[in-house]
Amino acid sequence: MHSLSGTRKVRPKTGAVWALAARKLAARKLAPRKLAAAVIALIIPLFTMPAALSAAEPSEGEKIFALQVRPILQEKCFGCHSQEADEQQGGFDLSTRAQMLSGGDAYGDSVVTPGDAESSSLVAMVAREETGYEMPPKEADRLSKQEIQAIQDWINADAPWPNEAKVTEIYAKFAEGETVTTSGGQSEQWTDRKYQPNDLWAFQPIRTKFSVNLSESAENPIDTFIEAGLQHRGLDPAPIADRVTLIRRATFDLVGMPPTPQEIKQFVSDERSDEIAFAAIVDRLLESPHYGEHWARHWLDVVRYADSSGFANDWERPNAWRYRDYVIRAFNDDKPFDLFILEQIAGDEIHDLVTNPKMARQKVRNIHRLVDRVDPDELLVAAGFLRMGPWEHTGMSVAKVTRQQFLDDITDSVGQVFLGQPLQCCRCHDHKFDPIPTRDYYSIQSVFATTQFGDRQTEWLADENLSGMEQDENYHRLRHQANEAMMQEITKLQQEFEENWFAERKLPYKTKAEAVAAGVDPELLPHKSLQSPDDFGRERIGRKWQARFEWELDRYQPFAFSVYNGKTPRARMQTSRFVMPANPKGKGAWEQTCILPGGDPFAEGELVQPGVLSAVPGGLEYEMPVATSGRRTALAKWIVDPRNSLTARVLANRIWSYHFGRGIAGTPNNFGATGKKPTHPELLDWLAGEMVRGGWSTKNLHRRMMSSNTYLRSTRHPDQEKIRESDPNSTSYAVFLPRRLEAEEVRDSMLSVSGELNLMLGGIPVRPDMNLEAALQPRMIMGTFAPAYVPNPLPKDRNRRSIYAHRLRGHRLPFMETFNQPGSEKSCELRDQSNITPQVFTLLNGEETNDRALALANRVIAEQSQPDQQLNRSRVIGRLFELVHGRQPIEQELQRTLDHWGKMSTRHASLDLPRRKWPATVIREAVEENTGEPFKFTERLFVYDDYKPDLQPHQVDAVTRGLADVCLALLNSNEFIYVY
């Protein structure tokens with residue numbers, strides 16, 4: 001596709017040349033004979049050497065203008081100071097040299113003085129030294145020192161302004177970099193522009209030959225690459241970590257929970273070699289069903305999983321949880337990642353092929369080689385990926401806008417998730433930094449033009465967990481019934497008012513509806529049938545909840561949150577499931593995708609056909625179907641094609657980033673020019689190739705990475721000073737980087753060591769405990785309140801793994817949010833690891849941590865208690881350290897914890913702890929929109945009728961409560977919160 005040698009322009013292939021020429025001439029509407037001549041005239045130069053520059057060599061000032069200044073003006077200035085500006089600012093026009101020299105309203109011809117940058121006001125403006133005239137106005141757009149210097153040098157060179165042809169000649173001959181053949185930009189200037197070779201690394205074919213000799217090395221190839229880099233820096237690697245550290249590291253990395261004391265003892269006492277013993281640990285963890293739970297969480301971060309839609313209404317997505325469980329199963333089964341991608345992008349299309357009796361089975365196998373092992377209904381569930389983004393359509397929405405929002409969202413999501421290419425800026429213009437034209441953006445979007453929302457009826461899958469549904473549905477129906485009773489009461493009040501209104505006027509009607517049916521002018525009738533602000537407020541809430549509760553009952557029915565191919569139906573308010581029509585090709589309209597100037601859905605431009613990224617190797621030649629079905633299958637096939645230079649790199653980099661705390665390429669969602677470049681590009685390519693060679697097996701890549709010395713190293717280096725000097729950014733992998741546990745790991749680990757964790761797999765979302773201040777806060781939805789957050793009534797349901805927690809976009813768990821669990825609005829490539837004061841308060845004072853500390857104390861005392869024997873406190877502390885830290889305490893730790901336990905037990909013995917009570921109702925207060933007056937609404941909290949709290953302080957003695965304070969200290973320790 002393009003070359004990395006010098007600045008040679010790669011000529012397009014013959015077919016691509018004709019297509020490019022046709023696009024450039026299509027808009028000119030020439031007669032056939034003239035059109036043919038024009039095409040030939042345009043094409044011939046493409047097969048010949050570039051024409052020589054005009055006789056006069058460009059001056060230095062002309063080169064500065066063409067190569068540096070003009071791009072600055074176009075990007076930073078023309079939006080406000082050119083003839084193309086919507087509203088020209090300050091009367092200052094930079095369209096031509098003459099107009100520039102005439103100046104603007106404030107500075108006149110002193111704006112630019114050719115030959116004298118020091119006297120030119122423009123220099124002070126762009127340097128942001130001219131008060132009130134700082135340019136560009138936005139601080140984020142300010143020019144760099146190099147850009148300011150270029151403008152100064154240009155003005156000092158007499159501010160030349162060569163014409164378009166001259167600029168093109170200068171750029172072709174003197175610009176550094178290389179051109180990339182694409183489907184073509186919105187201008188020839190963009191199409192022919194040059195890129196720095198290192199910015200194009202991800203668009204190069206994945207290399208198979210490397211600078212290191214892998215065939216002669218007995219080491220893990222990962223170590224060969226890493227140690228070559230260490231030698232270049234003059235660094236020795238850190239020693240291998242001890243076995244206790246390694247089993248804890250591996251267990252958290254693969255299952256997201258700490259190893260048990262027994263698992264640690266078995267590994268430490270394993271007499272086999274370190275290599276064999278650790279490999280056995282990795283194999284055991286990869287076969288654990290909890291592996292899928294942990295690694296699915298990483299994927300759900302990337303795809304933005306949530307159980308609600310977000311925005312003003314934040315409607316629940318009752319069946320989204322089935323997609324979450326699909327992802328867990330996929331990781332546990334080590335589903336080949338190419339098929340994992342295929343199912344998520346085109347699962348419904350493959351389902352329709354599988355269930356079509358006329359479709360040849362071999363043809364389906366050619367698309368999905370393992371289709372015989374997949375339940376067809378699971379394919380519908382997998383396609384839920386396409387609907388993971390936030391979305392809503394209300395009575396105030398414009399259908400064309402909300403439809404376009406979905407199309408833009410899924411186009412960018414596919415770009416980031418699978419290709420490491422944020423595509424959103426191509427919605428309005430050709431990419432500013434990468435070889436991705438707007439045409440490619442809309443060609444990918446065209447793939448989804450026939451994709452429609454559909455909550456499709458399926459059967460429950462054999463391994464789906466349906467437990468807990470009956471109890472959960474019962475509480476849901478109690479809320480629904482209470483709401484219906486309130487609505488019946490309000491309807492009765494309306495009827496009574498209307499009957500009295502007509503009776504007082506001696507009119508022969510009982511209701512407004514009856515009067516209107518008899519021909520009475522509605523304007524003569526009362527406009528409001530409710531009088532009290534409370535009644536108005538309750539009626540608005542009741543109507544909204546009626547729709548919410550009806551839809552949420554779908555949680556207990558086997559619907560797949562999915563899609564189908566068909567005509568775009570007439571938009572309706574989103575208040576219930578999207579039903580797939582019996583004939584998807586019947587009513588509605590077939591969408592055609594066109595380039596939208598400025599991204600405006602009402603400003604239609606050139607029509608495009610389904611396509612892919614043309615700068616990727618083979619992209620221009622890849623043929624996409626234009627039929628209404630099969631487009632997404634073809635796109636997915638291109639994404640996982642081994643010739644695609646992006647996908648395998650992106651996936652290998654993601655897996656590496658979760659094991660080592662950062663990607664080889666530091667921005668896993670952005671492999672473009674603005675992303676971080678790979679620190680070890682050859683290693684990344686080897687890993688990408690290994691993924692493909694290994695049948696797209698994720699577990700194979702885990703084994704490769706975790707068996708390397710690079711992974712096994714200690715976090716401590718014997719020469720810290722040398723590390724600081726030679727590797728200040730910690731990119732050499734001379735040491736293993738410690739990391740703090742992520743939010744779910746913190747919660748799950750505390751539940752694990754306290755003995756409260758319910759390890760059941762899958763099922764409908766659960767609702768953990770949430771402190772009441774947050775749970776009962778008035779959460780607004782459009783025009784009303786959302787129902788209050790209530791936990792599951794039983795501890796066994798509340799204390800499930802965190803991946804199963806109900807994820808409402810508009811009401812997140814405070815504990816999770818505090819510890820950097822990302823929101824679900826944007827794809828999270830890698831979580832932040834902030835260190836902020838609220839985390840300290842949460843761990844020390846939070847109900848979650850204190851409940852776990854009390855349960856942990858109760859557990860270890862119960863385990864160490866012997867009938868008719870005095871409690872051996874040293875053994876209790878020893879067991880506590882085993883559970884929390886995976887080791888026995890040293891003497892100093894033992895004495896300090898025993899002392900603290902004694903002091904706190906004495907303190908607790910003097911306290912009288914009351915029983916805690918939970919609310920049966922919550923009262924909301926707001927201003928009613930119709931009357932402008934305050935109103936109150938009381939919500940019944942049925943769950944708290946049966947709520948069974950976790951172990952409470954008043955239920956245990958002072959000794960146990962005193963030990964709980966010791967437990968709390970250990971749960972706050974770095975040794976527990978960090979992985980080393």
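This is a predicted model: local features need pLDDT of at least 70, side-chain atom pairs count only at pLDDT 80 or more; totals for chains, interfaces and linings use all residues.

**Entry 1: second largest cavity**

I started with the second largest cavity, which has a volume of about 110 Å³. I found 14 residues lining the second largest cavity, and the ones closest to its centre are R317, R387, G389, W391 and F453. Sorted by class, the lining of this cavity comes out as 8 nonpolar, 3 polar and 3 charged residues. Helix α18 gives the most to that lining, with 3 residues.

**Entry 2: largest cavity**

How many cavities of 30 Å³ or more does the structure hold? I get 11 of them. The largest cavity has about 380 Å³ of space. Its lining runs to 24 residues, with R479, E552, R767, A788 and V790 closest to the centre. The largest share, 4 residues, comes from α20. I sorted the lining of the largest cavity too, and got 10 nonpolar, 3 polar and 11 charged residues.

**Entry 3: α20 against α22**

Two packed helices are described by the angle between their axes and the distance between the axes. For α20 (residues 469-504) and α22 (residues 533-552), I have an angle of about 140° and axes 9 Å apart. The crossing of α20 past α22 is left-handed.

Which residues of α20 meet α22? On the α20 side I listed H476, R479, H480, N483, E484, M486, M487, E489, I490 and L493. They meet D535, R538, E539, G542, R543, W545, Q546, F549, E550 and E552 in α22. By class, the contact of α20 with α22 has 6 nonpolar, 5 polar and 9 charged residues. R479 and E552 are in this contact, and I already had both among the residues closest to the centre of the largest cavity.

**Entry 4: α15 against α23**

Next pair: α15 (residues 337-354) packs with α23 (residues 631-639) at an angle of about 165°, with axes 8 Å apart. Angles over 145 degrees count as roughly antiparallel, so I put α15 down as roughly antiparallel to α23. Is their crossing left-handed or right-handed? I have α15 and α23 down as left-handed.

From α15, the residues I341, L342, I345, A346, D348 and E349 meet R631, R632, T633, A636 and I639 of α23. The contact of α15 with α23 sorts into 6 nonpolar, 1 polar and 4 charged residues.

**Entry 5: second largest pocket**

Last stop, the pockets. The second largest pocket comes to about 810 Å³. Of its 36 lining residues, R403, Q452, T568, P569 and E591 are closest to the centre. Helices α18 (399-419) and α19 (438-447) and strand β3 (451-457) are the elements that give two or more residues to that lining. What gives the largest share of the pocket lining? That is α18, with 7 residues. So far as classes go, the pocket lining divides into 17 nonpolar, 11 polar and 8 charged residues. I note that α18 also gives the most to the lining of the second largest cavity.

Note on methods. Residues are numbered from 1 along each chain as its sequence is written. Side-chain values use heavy atoms; hydrogens and water are left out. On a 1 Å grid over the protein atoms alone, a cavity is a set of points where a 1.4 Å probe fits but cannot get out, and a pocket is an open set with protein on both sides within 12 Å along at least five of seven lines; lining residues have an atom within 4 Å of a point. Grid points are joined across faces, edges and corners, and a volume is the space filled by probe spheres set on the points. Ala, Val, Leu, Ile, Met, Phe, Trp, Tyr, Cys and Pro count as nonpolar, Asp, Glu, Lys and Arg as charged, and the others, Gly among them, as polar. Axes are lines fitted to C-alpha atoms, for helices over the stretch in contact, and angles run from 0 to 180 degrees between N-to-C directions. A crossing is left-handed if the near helix is turned anticlockwise from the far one by less than a right angle, and right-handed if clockwise. Contact means heavy atoms within 4.5 Å. Angles under 35 degrees count as roughly parallel, over 145 as roughly antiparallel, 65 to 115 as roughly perpendicular and the rest as oblique.
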